[in-house]
Structure formats: structure tokens, C-alpha cells
Amino acid sequence: MVLLQQVAAQEQYAFNTLYSRYAPHVRNYLTRRLHQPELIDDILQEVMLVLWQHAERVPATVSLLAWLYGIARHKAQKAWTRMATPPLPRSEHEVIDRNEPEVQLLRQEYGCTLNRALDALPLYERTALMLLVRQGYSPQEIAVATGVPASTVRTRMARARQRLRTYVVT
């Protein structure tokens, strides 16, 4: 698609054209999915920002609308999770001094345990998890980067999380 190539070259006119074509569809998708009017416009802007910043990542085998829906779904899930997870209440007396030796030792032990757990994962699971957590890639982006289907990426991440859970908790 010529407009997509122009957006990848950071041409504002092309982006405005794609925005006017696809933003209403993405907004409708988010409206059906979220039922949170206060989040819809913010997430729509995040999705379109991804288009502006990463237009070159759109696979030629996937329609632009499907790609945008995938990003919107991912962003909506993250927003929903943030809203559904209440912040932990802090007591007035609870003050953690990160410089205390006990706190530093606990953080170091936790880091070592987590690194051992990550090292125990199969390479393909560790790679998918690292791209998700450290690079912020969506499962669709990981699929493109690794050359495997997105469903396989999601399965690998689920297995990796389960293995980490059993390794770190026990």
C-alpha cells in the first residue's frame, strides 16, 4: 500500500489520510470491546501513534485494519488490566528505605532467582517473554519478528509464565 509506505517515511498527509479512513473503524472496535468511554479516545490515539511510529512493521500478508485491531486489542487489554487492578494501599507507617541492607539483599536474591528461572526456560519461550516484557512488543509484533504464528507466540508466553510461576513460587 503506497500510503503505508509514505507513513513509514513520516509523511503527514499520508498519515492524515489513513487516520481518517481507519480511526472510525478502530474507535467502533474499541467501543464494542471496552465499554469505557473515557478510555476509548486515549487508546485510539495510542494505536494510531503506533501506526505513525511503526508503519514499516505492518506485514504485507495482513490487512492494515486487522493489524490496527490487533494493536487496539492489546492496548485495550493493558488498559483494562490497569483499571481492574487496584493500587495496593500503603500504610502511613510503611516507609521502605531502598538503601537499607536488608532491602538490597532481598532485591538481589529476587533478581538472582528470577534470572535462574529465566535461564531454565526453553530459548523460544524466553525469547517471546523477553520481547514482550523488555521490548514492549505485542504478540503480533513478536510473531513477525520471530517468523511464527501469533497463536504460537501466545502459547509460548503462557507456558513461560506458568513455568516461571512454578519455579519462583516453589
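An α-helix has 3.6 residues a turn, so residues three or four places apart point the same way. Helix α3 covers residues 37-54, 18 residues in number, and its first and last C-alpha atoms lie 26 Å apart, close to the expected 26 Å. The expected span is 1.5 Å times one less than the number of residues.

The model is predicted: local features need pLDDT of at least 70 and side-chain atom pairs count only at pLDDT 80 or more, while totals for chains, interfaces and linings use all residues. Residues are numbered from 1 along each chain as its sequence is written, and side-chain values use heavy atoms, with hydrogens and water left out.

The protein chain contains 8 helices and 0 strands, where helices (H or I, at least four residues) and strands (E, at least two) are DSSP runs numbered from the N terminus. Of its 170 residues, 33% count as buried. The radius of gyration of the protein chain, taken over C-alpha atoms, is 20 Å, whereas a compact globule of 170 residues would have a value near 15 Å. The globule rule is 2.2 Å times the number of residues to the power 0.38. Along the principal axes, the C-alpha atoms fill a box of roughly 55 × 40 × 30 Å.

The largest pocket holds about 210 Å³ of space. A pocket is an open set of points on a 1 Å grid over the protein atoms alone, where a 1.4 Å probe fits, with protein on both sides within 12 Å along at least five of seven lines; lining residues have an atom within 4 Å of a point. The volume is the space filled by probe spheres set on the points, which are joined across faces, edges and corners. Helices α4 (64-84) and α8 (150-169) each supply at least two lining residues, and α4 gives the most, with 5. The lining includes Arg 73, His 74, Leu 132, Pro 139 and Arg 154.

Thr 155 lies in helix α8. The side chain of Thr 155 reaches the backbone oxygen of Ser 151 at 2.9 Å. The C-alpha atoms of Thr 155 and Tyr 19 are separated by 32 Å, at 136 residues apart along the chain.

Definitions and conventions:
A polar contact is a pair of N or O atoms within 3.5 Å; within protein, one must be able to donate a hydrogen and the other to accept it, and residues adjacent in sequence count only if both atoms are side-chain atoms. Buried means under 20% relative accessible area, exposed over 50%, partly exposed in between (1.4 Å probe, protein chains only).
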